[in-house]
Amino acid sequence: MLAARATAPHHHQCRLLPSKPLEIPNLSRNPSISLGSARAPRFLSSLNSTQLGGSSSTAAAPPLQTPAQTRVDILSESLPFIQRFRSKTIVVKYGGAAMKSPALQSSVISDLVLLSCVGLRPVLVHGGGPEINSWLFRLGHQPQFHNGLRVTDALTMEVVEMVLVGKVNKSLVSLINLAGATAVGLCGKDARLLTARPAPHTAALGFVGEVARVDPAILRSILANGHIPVVASVAADDAGRGYNVNADSAAGEIAAAMGAEKLIVVTDVAGILEDRNDPGSLVKEMDIGRARRMVEEGKVAGGMIPKVNCCVRSLAQGVRTASIIDGRVPHSLLLQILTDEGAGTMIKG
(Lines give C-alpha, C1' and ligand atoms only; values in the text may rest on other atoms or scores of the structure.)
Protein backbone atom coordinates (compact mmCIF):
# COMPACT_ATOMS: atom_id res chain seq x y z
CA MET A 1 0.00 0.00 0.00
CA LEU A 2 2.93 2.30 0.66
CA ALA A 3 6.02 2.68 -1.45
CA ALA A 4 8.21 2.67 1.64
CA ARG A 5 6.79 -0.64 2.74
CA ALA A 6 7.56 -2.25 -0.63
CA THR A 7 11.16 -1.13 -0.69
CA ALA A 8 12.25 -1.19 2.93
CA PRO A 9 11.69 -4.05 5.36
CA HIS A 10 10.16 -3.30 8.73
CA HIS A 11 12.90 -4.05 11.24
CA HIS A 12 11.44 -4.68 14.65
CA GLN A 13 13.57 -3.37 17.44
CA CYS A 14 11.39 -4.44 20.30
CA ARG A 15 13.32 -6.11 23.06
CA LEU A 16 11.94 -8.50 25.60
CA LEU A 17 11.99 -6.99 29.06
CA PRO A 18 11.93 -9.04 32.27
CA SER A 19 8.50 -8.11 33.53
CA LYS A 20 5.30 -9.67 34.70
CA PRO A 21 2.95 -11.09 32.03
CA LEU A 22 0.55 -8.67 30.35
CA GLU A 23 -2.60 -8.43 32.44
CA ILE A 24 -5.67 -9.19 30.38
CA PRO A 25 -8.58 -6.99 31.48
CA ASN A 26 -11.53 -8.61 33.23
CA LEU A 27 -13.92 -8.21 30.33
CA SER A 28 -16.79 -9.71 32.29
CA ARG A 29 -16.96 -6.46 34.27
CA ASN A 30 -17.46 -4.44 31.11
CA PRO A 31 -21.18 -4.49 30.22
CA SER A 32 -20.44 -3.55 26.62
CA ILE A 33 -18.56 -6.81 26.02
CA SER A 34 -20.52 -10.04 26.21
CA LEU A 35 -18.51 -13.09 27.07
CA GLY A 36 -20.98 -15.33 25.31
CA SER A 37 -21.19 -13.21 22.19
CA ALA A 38 -20.51 -14.99 18.93
CA ARG A 39 -18.34 -12.04 18.01
CA ALA A 40 -16.16 -12.29 21.09
CA PRO A 41 -12.95 -14.31 20.92
CA ARG A 42 -13.58 -18.01 21.34
CA PHE A 43 -11.28 -18.37 24.31
CA LEU A 44 -13.45 -16.01 26.38
CA SER A 45 -16.61 -18.08 26.04
CA SER A 46 -14.77 -21.35 26.61
CA LEU A 47 -13.26 -20.49 29.97
CA ASN A 48 -13.92 -22.94 32.80
CA SER A 49 -17.51 -22.50 33.96
CA THR A 50 -16.50 -21.98 37.56
CA GLN A 51 -14.68 -18.84 36.46
CA LEU A 52 -17.92 -17.45 35.05
CA GLY A 53 -19.90 -17.89 38.22
CA GLY A 54 -21.72 -21.20 37.98
CA SER A 55 -21.66 -24.85 36.77
CA SER A 56 -23.79 -27.96 36.68
CA SER A 57 -23.21 -30.38 39.54
CA THR A 58 -23.62 -33.35 37.16
CA ALA A 59 -21.46 -32.13 34.28
CA ALA A 60 -17.86 -33.20 34.27
CA ALA A 61 -15.67 -30.20 34.86
CA PRO A 62 -12.99 -29.66 32.19
CA PRO A 63 -9.40 -29.54 33.36
CA LEU A 64 -8.42 -26.24 34.90
CA GLN A 65 -6.18 -24.16 32.67
CA THR A 66 -2.88 -22.97 33.97
CA PRO A 67 -1.95 -19.27 33.45
CA ALA A 68 0.54 -20.36 30.79
CA GLN A 69 -2.14 -22.29 28.86
CA THR A 70 -4.48 -19.32 29.04
CA ARG A 71 -1.82 -17.04 27.59
CA VAL A 72 -1.16 -19.51 24.76
CA ASP A 73 -4.90 -19.65 24.00
CA ILE A 74 -5.03 -15.86 23.85
CA LEU A 75 -2.11 -15.73 21.43
CA SER A 76 -3.71 -18.41 19.28
CA GLU A 77 -7.01 -16.49 19.14
CA SER A 78 -5.15 -13.31 18.15
CA LEU A 79 -3.31 -14.91 15.21
CA PRO A 80 -5.93 -14.17 12.48
CA PHE A 81 -6.04 -10.51 13.51
CA ILE A 82 -2.24 -10.26 13.58
CA GLN A 83 -2.07 -11.82 10.11
CA ARG A 84 -4.76 -9.42 8.82
CA PHE A 85 -3.02 -6.27 10.01
CA ARG A 86 0.65 -7.22 9.78
CA SER A 87 2.64 -4.55 7.89
CA LYS A 88 -0.44 -2.27 7.84
CA THR A 89 -0.19 1.32 9.06
CA ILE A 90 -2.49 2.36 11.89
CA VAL A 91 -2.71 5.93 13.16
CA VAL A 92 -3.60 6.30 16.84
CA LYS A 93 -4.70 9.65 18.22
CA TYR A 94 -4.08 9.67 21.95
CA GLY A 95 -5.74 11.99 24.46
CA GLY A 96 -8.40 12.31 27.13
CA ALA A 97 -8.44 10.42 30.43
CA ALA A 98 -6.12 7.74 29.08
CA MET A 99 -3.43 10.42 29.01
CA LYS A 100 -4.10 11.67 32.57
CA SER A 101 -4.10 8.33 34.40
CA PRO A 102 -0.64 6.73 34.81
CA ALA A 103 -2.19 3.23 34.81
CA LEU A 104 -4.15 3.82 31.60
CA GLN A 105 -1.18 5.57 30.02
CA SER A 106 0.93 2.50 30.72
CA SER A 107 -1.80 0.32 29.19
CA VAL A 108 -1.92 2.36 25.96
CA ILE A 109 1.87 2.43 25.64
CA SER A 110 2.22 -1.34 26.21
CA ASP A 111 -0.53 -1.99 23.64
CA LEU A 112 1.25 0.22 21.11
CA VAL A 113 4.57 -1.55 21.66
CA LEU A 114 2.97 -4.99 21.42
CA LEU A 115 1.30 -4.06 18.11
CA SER A 116 4.65 -2.85 16.77
CA CYS A 117 6.37 -6.05 17.89
CA VAL A 118 3.89 -8.27 16.02
CA GLY A 119 4.37 -6.38 12.77
CA LEU A 120 1.91 -3.48 12.67
CA ARG A 121 3.19 0.00 11.82
CA PRO A 122 1.72 2.38 14.42
CA VAL A 123 1.92 6.18 14.26
CA LEU A 124 1.00 7.97 17.49
CA VAL A 125 -0.48 11.48 17.24
CA HIS A 126 -1.16 13.22 20.52
CA GLY A 127 -2.73 16.27 22.03
CA GLY A 128 -2.26 17.32 25.62
CA GLY A 129 -5.27 19.37 26.58
CA PRO A 130 -5.22 18.63 30.34
CA GLU A 131 -1.50 19.39 30.56
CA ILE A 132 -1.92 22.64 28.60
CA ASN A 133 -4.78 23.70 30.86
CA SER A 134 -2.67 22.97 33.94
CA TRP A 135 0.14 25.23 32.75
CA LEU A 136 -2.24 28.00 31.69
CA PHE A 137 -3.81 27.97 35.15
CA ARG A 138 -0.34 28.24 36.68
CA LEU A 139 0.14 31.41 34.64
CA GLY A 140 -3.25 32.74 35.73
CA HIS A 141 -4.70 32.34 32.24
CA GLN A 142 -8.21 30.89 31.84
CA PRO A 143 -8.51 28.30 28.99
CA GLN A 144 -11.33 29.03 26.54
CA PHE A 145 -12.98 26.88 23.87
CA HIS A 146 -15.19 27.57 20.85
CA ASN A 147 -17.08 24.68 19.17
CA GLY A 148 -14.73 22.17 20.80
CA LEU A 149 -11.57 23.99 19.63
CA ARG A 150 -9.14 25.78 21.94
CA VAL A 151 -9.10 29.55 21.62
CA THR A 152 -5.37 30.29 21.17
CA ASP A 153 -4.04 33.78 21.77
CA ALA A 154 -0.30 34.57 21.61
CA LEU A 155 0.40 33.50 25.21
CA THR A 156 -1.63 30.30 24.83
CA MET A 157 0.19 29.44 21.59
CA GLU A 158 3.53 29.76 23.34
CA VAL A 159 2.35 27.47 26.15
CA VAL A 160 0.83 24.98 23.68
CA GLU A 161 4.10 24.58 21.81
CA MET A 162 6.22 24.30 24.94
CA VAL A 163 3.93 21.76 26.59
CA LEU A 164 3.08 19.59 23.57
CA VAL A 165 6.48 19.52 21.87
CA GLY A 166 8.83 19.93 24.80
CA LYS A 167 7.07 18.03 27.58
CA VAL A 168 4.26 15.69 26.51
CA ASN A 169 5.94 14.48 23.31
CA LYS A 170 9.25 13.63 24.97
CA SER A 171 7.50 11.97 27.90
CA LEU A 172 5.64 9.63 25.50
CA VAL A 173 8.84 8.88 23.60
CA SER A 174 10.57 7.94 26.86
CA LEU A 175 7.70 5.68 27.92
CA ILE A 176 7.73 3.83 24.57
CA ASN A 177 11.50 3.40 24.77
CA LEU A 178 11.18 2.12 28.33
CA ALA A 179 8.52 -0.39 27.23
CA GLY A 180 10.96 -2.00 24.78
CA ALA A 181 10.40 -0.30 21.43
CA THR A 182 12.12 2.77 19.98
CA ALA A 183 10.23 5.99 19.33
CA VAL A 184 11.06 9.19 17.46
CA GLY A 185 9.33 12.38 18.62
CA LEU A 186 8.48 15.21 16.24
CA CYS A 187 5.86 17.85 15.55
CA GLY A 188 4.20 19.10 12.39
CA LYS A 189 7.03 21.59 11.82
CA ASP A 190 9.65 18.86 11.47
CA ALA A 191 10.50 17.98 7.85
CA ARG A 192 7.37 19.98 6.87
CA LEU A 193 5.25 17.05 8.02
CA LEU A 194 2.23 19.35 8.44
CA THR A 195 1.73 22.73 6.79
CA ALA A 196 -0.99 24.78 8.45
CA ARG A 197 -3.29 27.57 7.38
CA PRO A 198 -5.48 29.76 9.59
CA ALA A 199 -8.71 28.07 10.58
CA PRO A 200 -12.04 29.67 9.63
CA HIS A 201 -13.32 32.19 12.19
CA THR A 202 -9.74 33.18 13.01
CA ALA A 203 -10.99 36.19 14.93
CA ALA A 204 -12.72 33.91 17.42
CA LEU A 205 -10.00 31.24 17.63
CA GLY A 206 -6.69 33.11 17.32
CA PHE A 207 -3.65 30.99 16.38
CA VAL A 208 -5.70 27.90 15.58
CA GLY A 209 -4.81 26.30 12.28
CA GLU A 210 -6.07 23.53 10.09
CA VAL A 211 -3.99 21.18 7.98
CA ALA A 212 -3.32 22.52 4.49
CA ARG A 213 -0.80 19.85 3.40
CA VAL A 214 0.80 16.68 4.72
CA ASP A 215 4.21 15.41 3.62
CA PRO A 216 4.46 11.93 5.19
CA ALA A 217 7.96 11.14 3.84
CA ILE A 218 9.57 11.50 7.28
CA LEU A 219 7.00 9.15 8.83
CA ARG A 220 7.61 6.51 6.16
CA SER A 221 11.35 6.72 6.81
CA ILE A 222 10.89 6.35 10.57
CA LEU A 223 8.55 3.36 10.15
CA ALA A 224 10.82 1.70 7.59
CA ASN A 225 13.61 1.74 10.17
CA GLY A 226 11.46 0.02 12.78
CA HIS A 227 10.66 3.02 14.98
CA ILE A 228 7.35 4.41 16.24
CA PRO A 229 6.72 8.05 15.22
CA VAL A 230 5.19 10.22 17.96
CA VAL A 231 3.68 13.43 16.53
CA ALA A 232 2.70 16.58 18.45
CA SER A 233 -0.03 18.60 16.75
CA VAL A 234 1.82 21.91 16.31
CA ALA A 235 2.50 23.15 12.77
CA ALA A 236 3.60 26.24 10.84
CA ASP A 237 2.17 27.97 7.79
CA ASP A 238 4.13 28.86 4.65
CA ALA A 239 5.41 32.02 6.36
CA GLY A 240 6.67 30.09 9.39
CA ARG A 241 3.97 31.24 11.83
CA GLY A 242 3.13 28.62 14.42
CA TYR A 243 -0.39 27.27 14.85
CA ASN A 244 -2.17 25.03 17.30
CA VAL A 245 -3.74 22.29 15.17
CA ASN A 246 -6.47 20.13 16.67
CA ALA A 247 -4.87 16.74 17.30
CA ASP A 248 -7.93 14.84 16.05
CA SER A 249 -7.80 16.70 12.73
CA ALA A 250 -4.03 16.21 12.46
CA ALA A 251 -4.39 12.47 13.05
CA GLY A 252 -7.12 12.18 10.42
CA GLU A 253 -5.10 14.02 7.77
CA ILE A 254 -1.95 12.01 8.56
CA ALA A 255 -3.94 8.75 8.32
CA ALA A 256 -5.27 9.78 4.90
CA ALA A 257 -1.84 10.82 3.61
CA MET A 258 -0.29 7.56 4.86
CA GLY A 259 -3.02 5.41 3.31
CA ALA A 260 -3.59 3.94 6.76
CA GLU A 261 -5.63 0.81 7.34
CA LYS A 262 -7.11 2.23 10.53
CA LEU A 263 -7.52 5.52 12.35
CA ILE A 264 -8.18 5.03 16.06
CA VAL A 265 -9.10 7.97 18.30
CA VAL A 266 -8.48 7.10 21.96
CA THR A 267 -10.53 9.35 24.22
CA ASP A 268 -12.37 9.43 27.55
CA VAL A 269 -15.90 8.53 26.41
CA ALA A 270 -17.44 5.19 25.51
CA GLY A 271 -17.75 6.15 21.83
CA ILE A 272 -20.57 7.78 19.86
CA LEU A 273 -23.84 7.72 21.78
CA GLU A 274 -27.29 7.80 20.15
CA ASP A 275 -28.35 9.88 23.16
CA ARG A 276 -25.36 11.70 24.63
CA ASN A 277 -27.14 11.81 28.00
CA ASP A 278 -27.52 8.02 28.05
CA PRO A 279 -24.23 6.10 28.48
CA GLY A 280 -26.08 2.90 27.53
CA SER A 281 -26.89 4.15 24.01
CA LEU A 282 -23.47 3.38 22.50
CA VAL A 283 -23.54 2.87 18.73
CA LYS A 284 -21.02 0.11 17.99
CA GLU A 285 -20.86 0.58 14.21
CA MET A 286 -22.10 3.08 11.64
CA ASP A 287 -21.40 4.40 8.16
CA ILE A 288 -20.26 7.87 7.11
CA GLY A 289 -23.80 9.03 6.31
CA ARG A 290 -25.11 8.26 9.78
CA ALA A 291 -22.10 9.94 11.40
CA ARG A 292 -22.72 13.12 9.39
CA ARG A 293 -26.42 13.12 10.25
CA MET A 294 -25.71 12.77 13.97
CA VAL A 295 -23.48 15.88 13.83
CA GLU A 296 -26.13 17.81 11.87
CA GLU A 297 -28.87 16.76 14.31
CA GLY A 298 -26.84 17.85 17.32
CA LYS A 299 -26.47 14.34 18.73
CA VAL A 300 -22.73 14.85 18.51
CA ALA A 301 -21.58 18.06 20.18
CA GLY A 302 -18.65 19.81 21.85
CA GLY A 303 -15.29 18.06 21.72
CA MET A 304 -16.81 15.08 19.90
CA ILE A 305 -17.45 17.19 16.78
CA PRO A 306 -13.79 17.37 15.61
CA LYS A 307 -13.35 13.68 16.49
CA VAL A 308 -16.25 12.57 14.32
CA ASN A 309 -15.35 15.04 11.55
CA CYS A 310 -11.74 13.81 11.39
CA CYS A 311 -12.98 10.22 11.12
CA VAL A 312 -15.36 11.15 8.29
CA ARG A 313 -12.69 13.12 6.39
CA SER A 314 -10.12 10.34 6.68
CA LEU A 315 -12.60 7.72 5.45
CA ALA A 316 -13.54 9.92 2.49
CA GLN A 317 -9.84 10.02 1.58
CA GLY A 318 -9.31 6.27 1.61
CA VAL A 319 -8.73 5.13 5.20
CA ARG A 320 -10.46 1.75 5.62
CA THR A 321 -12.02 2.21 9.07
CA ALA A 322 -12.04 4.89 11.76
CA SER A 323 -12.88 4.24 15.40
CA ILE A 324 -13.49 6.31 18.51
CA ILE A 325 -12.64 4.11 21.50
CA ASP A 326 -12.81 4.35 25.27
CA GLY A 327 -9.31 4.89 26.64
CA ARG A 328 -10.63 4.30 30.17
CA VAL A 329 -10.90 0.58 29.35
CA PRO A 330 -7.57 -1.16 30.00
CA HIS A 331 -5.92 -2.39 26.78
CA SER A 332 -8.65 -0.79 24.65
CA LEU A 333 -6.27 -0.67 21.67
CA LEU A 334 -5.81 -4.45 21.74
CA LEU A 335 -9.55 -4.95 22.13
CA GLN A 336 -10.15 -2.79 19.07
CA ILE A 337 -7.56 -4.40 16.81
CA LEU A 338 -7.20 -7.99 18.01
CA THR A 339 -10.87 -8.83 18.66
CA ASP A 340 -14.15 -8.43 16.79
CA GLU A 341 -15.84 -6.85 19.81
CA GLY A 342 -13.93 -3.58 19.94
CA ALA A 343 -14.03 -0.92 22.64
CA GLY A 344 -16.07 1.92 21.15
CA THR A 345 -17.63 3.02 17.85
CA MET A 346 -16.32 2.01 14.41
CA ILE A 347 -17.19 4.17 11.39
CA LYS A 348 -16.91 2.59 7.96
CA GLY A 349 -16.63 4.21 4.55
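How many residues of the lining of the second largest pocket are nonpolar, how many polar and how many charged? The lining divides into 13 nonpolar, 12 polar and 6 charged residues. The legends below refer to a predicted model.

**View 1. The predicted protein chain as a whole.** The chain contains 13 helices and 14 strands. Of its 349 residues, 48% are buried. When contacts between residues at least 6 apart in sequence are taken, 73% of them join residues at least 24 apart.

**View 2. The second largest pocket and its lining.** The volume of this pocket is about 590 Å³. It is lined by 31 residues, and those closest to the pocket centre are Lys93, Gly129, Asn246, Asp248 and Lys307. Two or more lining residues come from each of strand S1 (89–94), helix H4 (97–100), helix H6 (129–138), strand S4 (149–150), strand S10 (242–245), helix H10 (247–258) and helix H12 (304–316). The largest contribution is that of H6, which supplies 4 residues.

**View 3. The open sheet.** The sheet is built from 8 strands in the order S5-S8-S2-S1-S11-S13-S14-S12, with mixed pairing. Strand S5 (183–187) and strand S12 (285–287) each have a single partner strand and stand at the edges, so one side of each lacks a neighbour in the sheet. From one strand to the next, the twist averages 20°.

View 4. S5 and strand S8 (residues 228–232) run parallel and are joined by 5 bridges. Within this pairing, Cys187 is placed opposite Ala232 of S8. Helix H9 (residues 217–224) packs on the sheet and touches S1, strand S2 (121–126), S5 and S8. The direction of H9 makes about 145° with that of S8.

**View 5. Strand S1 between S2 and S11.** In the strand order, S1 stands between S2 and S11. S1 pairs with S2 in the parallel sense over 6 bridges, and the bridge partner of Lys93 in S2 is Val125. Lys93 is also among the residues closest to the centre of the second largest pocket. With S11, S1 pairs in the parallel sense over 5 bridges; here Ile90 stands opposite Lys262. Helix H10 lies across S1, S2, S8 and strand S11 (262–267), and runs at about 175° to S1.

**View 6. Side chains of strand S1.** In a regular strand the side chains alternate between the two faces of the sheet. Thr89, Val91 and Lys93 point one way from S1, whereas Ile90, Val92 and Tyr94 point the other way. The residues of both groups are buried, so that 6 of the 6 residues of S1 are covered in this sense.

View 7. Ile82 lies in helix H3 (residues 67–85). Its relative accessibility is 17%, and Ile82 therefore counts as buried, the cut-off being under 20%. Neighbours within four places in sequence aside, Ile82 is in contact with Val118 and Leu338. Leu115 is 33 residues from Ile82 in sequence, and the C-alpha atoms of the two are 8.5 Å apart in space.

Key:
Residues are numbered from 1 along each chain as its sequence is written. This is a predicted model: local features need pLDDT of at least 70, side-chain atom pairs count only at pLDDT 80 or more; totals for chains, interfaces and linings use all residues. Side-chain values use heavy atoms; hydrogens and water are left out. On a 1 Å grid over the protein atoms alone, a cavity is a set of points where a 1.4 Å probe fits but cannot get out, and a pocket is an open set with protein on both sides within 12 Å along at least five of seven lines; lining residues have an atom within 4 Å of a point. Grid points are joined across faces, edges and corners, and a volume is the space filled by probe spheres set on the points. Ala, Val, Leu, Ile, Met, Phe, Trp, Tyr, Cys and Pro count as nonpolar, Asp, Glu, Lys and Arg as charged, and the others, Gly among them, as polar. Two strands pair if DSSP finds at least two bridges between them. Axes are lines fitted to C-alpha atoms, for helices over the stretch in contact, and angles run from 0 to 180 degrees between N-to-C directions. Contact means heavy atoms within 4.5 Å. Buried means under 20% relative accessible area, exposed over 50%, partly exposed in between (1.4 Å probe, protein chains only).
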